[in-house]
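Dear colleague,

I am handing over the structure below, and my notes on what was found in it come after. Please read them with the coordinates open.

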Amino acid sequence: MGIGADLAVVMEGVSASVAALSGLVLEDASLASGAHVGAGVDVLQRRYGLCLERLELVARLEAQLAAVKARDVADCVGLQHALLPPDAPVYECTFAEMSAVEEIAAVLTISSGAAGALVEQSRRVCSLPLVFEALAAGAVSWLHARIVADETEGLGPAVAAGLVAHFFDPDVPNPARGAAPGDLVPSRFRAKVRAWRERHHPESLEKRHVKGVADRRMDYAPGRDGMAWVSLYLPGDTACAIWNRSTATARGLQNPDEPRTLTQLRADVAASLLLGAGLQPAVNPAVAAAGAGNDAGPGCASTDIGKIPTPRADVLVTVPVFSLLGLTEEPALLDGFGPVPASMARRLVAGGAESFYRVLVDPRDGAPLEIGRTRYRLPETIKKWIRLRDAKCTFPGCTNHTPDNDTDHLTAWHHGGTTDAQNLAQLCPRHHRLKHRSAWTPDPATKYEPPGWTSPTGRHYKPEQPDPQPTHWPPGTLPLAEVPAWPDLEMDDPETQEPDGDNLLDPDDLCATDSLWDDFHAEPFVLPPDPQAEWPLLLSLM
């Protein structure tokens with residue numbers, strides 16, 4: 001299909017969207033005037049529904065027009081090059097493109113730099129057929145298409161095609177699960193695309209991380225109204241630890257007389273820690289007046305940050321088994337951050353880092369195996385499982401990560417709801433309150449999938465599911481599914497021996513709430529020696 005045919009198809013979609021939008025506007029005008037209103041029609045509710053339908057159509061139309069714009073921008077530069085003779089020198093080609101970029105900037109009333117970026121993004125989007133088709137159909141926004149263009153930059157053609165196919169072609173092996181790209185808010189779509197990119201990048205994450213560490217820095221930028229920005233570019237685990245400590249300390253400062261929000265407290269805590277100063281809790285005037293003459297009182301006493309009882313801020317680190325054993329360098333996932341190098345994950349889970357909690361994944365399909373223990377101990381372990389499954393607030397479009405979220409019963413316990421993974425989900429405080437005070441209704445969850453949601457108007461929103469990938473197997477081994485059958489091989493189960501000692505207990509004889517479990521799980525994680533280092537099923541037979 002040629003360029004003209006591409007645009008002709010896109011314009012057909014644009015015309016259909018405009019016609020549908022016009023029909024909705026005419027229906028709304030008719031309802032507003034009171035003409036042709038049938039019996040039993042709730043006019044206000046119907047007009048509310050029409051507003052939402054028009055917003056859907058406008059979003060689709062914006063995407064379709066963005067496809068037209070991207071094609072025209074790319075064609076402008078291409079046609080300018082086509083006007084040159086085939087043997088034109090490089091400098092003529094360069095100035096021809098510069099001229100086209102400047103004219104695009106003038107036509108769109110944007111800066112030259114913005115026009116240059118638009119040209120590059122348009123070229124990449126138009127060079128990815130599945131992405132351009134989704135944009136032209138209104139299935140994704142220009143922001144989504146631009147994310148794919150950004151994240152495929154620097155990848156080889158084969159890897160870039162694999163990334164696009166994973167998210168836009170449902171017929172490929174192991175396609176992306178859950179909500180479609182256009183149903184995810186752009187920040188969450190970027191997180192999923194970036195996670196896939198990190199796993200399949202031709203250069204290992206370990207090598208790229210080493211380069212990134214060399215670029216660590218602190219930046220300062222003046223802002224408006226006497227304010228300024230200070231930012232740190234650090235290794236992911238360090239930045240995550242800073243954020244978690246600031247957040248946990250800020251929570252420790254919250255009390256009924258503290259007027260500052262968690263966001264404000266977090267900034268004050270970070271500033272105090274950097275400057276080495278004690279943090280003074282805010283003074284509530286009423287409390288200060290009531291406490292006049294006293295040595296200390298709530299909300300007015302001087303408090304040193306080091307004396308504030310800081311809640312523990314556990315962070316899940318999802319590590320492939322082979323990566324944890326050091327047999328591969330497959331990236332791990334740091335809760336609330338994303339992919340991190342395998343060496344960082346091994347250091348966090350085996351080096352005694354108290355705030356990081358190990359999660360192992362199955363080498364066959366990337367599904368989680370267990371969360372640091374072999375049995376549930378309610379309620380903390382099941383809460384960690386829900387954190388692992390959901391990763392954030394499950395409400396459509398919400399990006400609030402787990403430390404600020406509640407583990408909520410989807411069906412209230414007094415309505416027959418049970419306390420298990422199928423009836424629990426992460427909700428941020430805002431959407432937790434909304435769920436109980438509106439007609440937003442969650443679907444049932446499963447052990448591995450968070451719930452979807454249905455809005456008061458009946459629109460259904462699929463859940464954003466985890467996107468596990470098959471684990472990288474060590475060199476010289478074969479995944480279990482590829483190991484040839486050994487019909488004549490007989491292997492005896494290894495004999496088990498009971499350890500000596502009269503002070504030993506059978507774990508099955510302990511109840512889940514016994515305090516001995518706390519002592520057991522407080523022990524640091526230590527990698528045991530591999531008892532089957534020569535396991536024959538892992539040897540390559542080819």
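The expected span of a helix is taken as 1.5 Å times one less than its number of residues. Bear in mind that this is a predicted model. Helix α2, which runs over residues 43–82 and has 40 residues, reaches 57 Å from its first C-alpha to its last, and this is close to the 58 Å expected at 1.5 Å a residue. At the start of α2, the backbone nitrogen of Leu44 has a side-chain oxygen of Asp42 within 3.4 Å.

Turning to the cysteines, a search of the whole structure finds zero disulfides. Cys76 is partly exposed, at a relative accessible area of 38%, whereas Cys240 is buried, with a value of 10%.

On the surface there is a nonpolar patch, formed by Met218, Tyr220, Val230, Leu232, Leu234 and Ile242, which together have about 590 Å² of accessible area. Two or more residues of the nonpolar patch are given by each of the elements β1 (217–222) and β2 (228–233). Leu234, for its part, lies in the loop between β2 and α10 (236–253), and its relative accessibility of 31% makes it partly exposed; a residue can belong to a patch here because the cut-off is over 30% relative accessible area, with no salt bridge.

Lastly, Ala165 is found in helix α7, residues 157–168, and is buried, with a relative accessible area of 16%. Ala165 and Val131 are 34 residues apart in sequence, while their C-alpha atoms are 9.2 Å apart in space.

Notes:
Residues numbered from 1 in each chain as written. Predicted model: local features only at pLDDT ≥ 70, side-chain atom pairs only at ≥ 80, totals over all residues. Heavy atoms only, no water. Helix = DSSP H or I, 4+ residues; strand = E, 2+ residues; numbered from the N terminus. Polar contact = N/O pair within 3.5 Å; in protein donor to acceptor, adjacent residues only side chain to side chain. Disulfide = S-S within 2.5 Å. Buried < 20%, exposed > 50% of the residue type's maximum accessible area, 1.4 Å probe, protein only. Patch = residues over 30% accessible without salt bridge, like charges linked within 9 Å, V, L, I, M, F, W, Y side chains within 5 Å. Areas by Shrake-Rupley, 256 points an atom, 1.4 Å probe, with all protein chains shown as cover. Salt bridge = Lys/Arg side-chain N within 4 Å of Asp/Glu carboxyl O.
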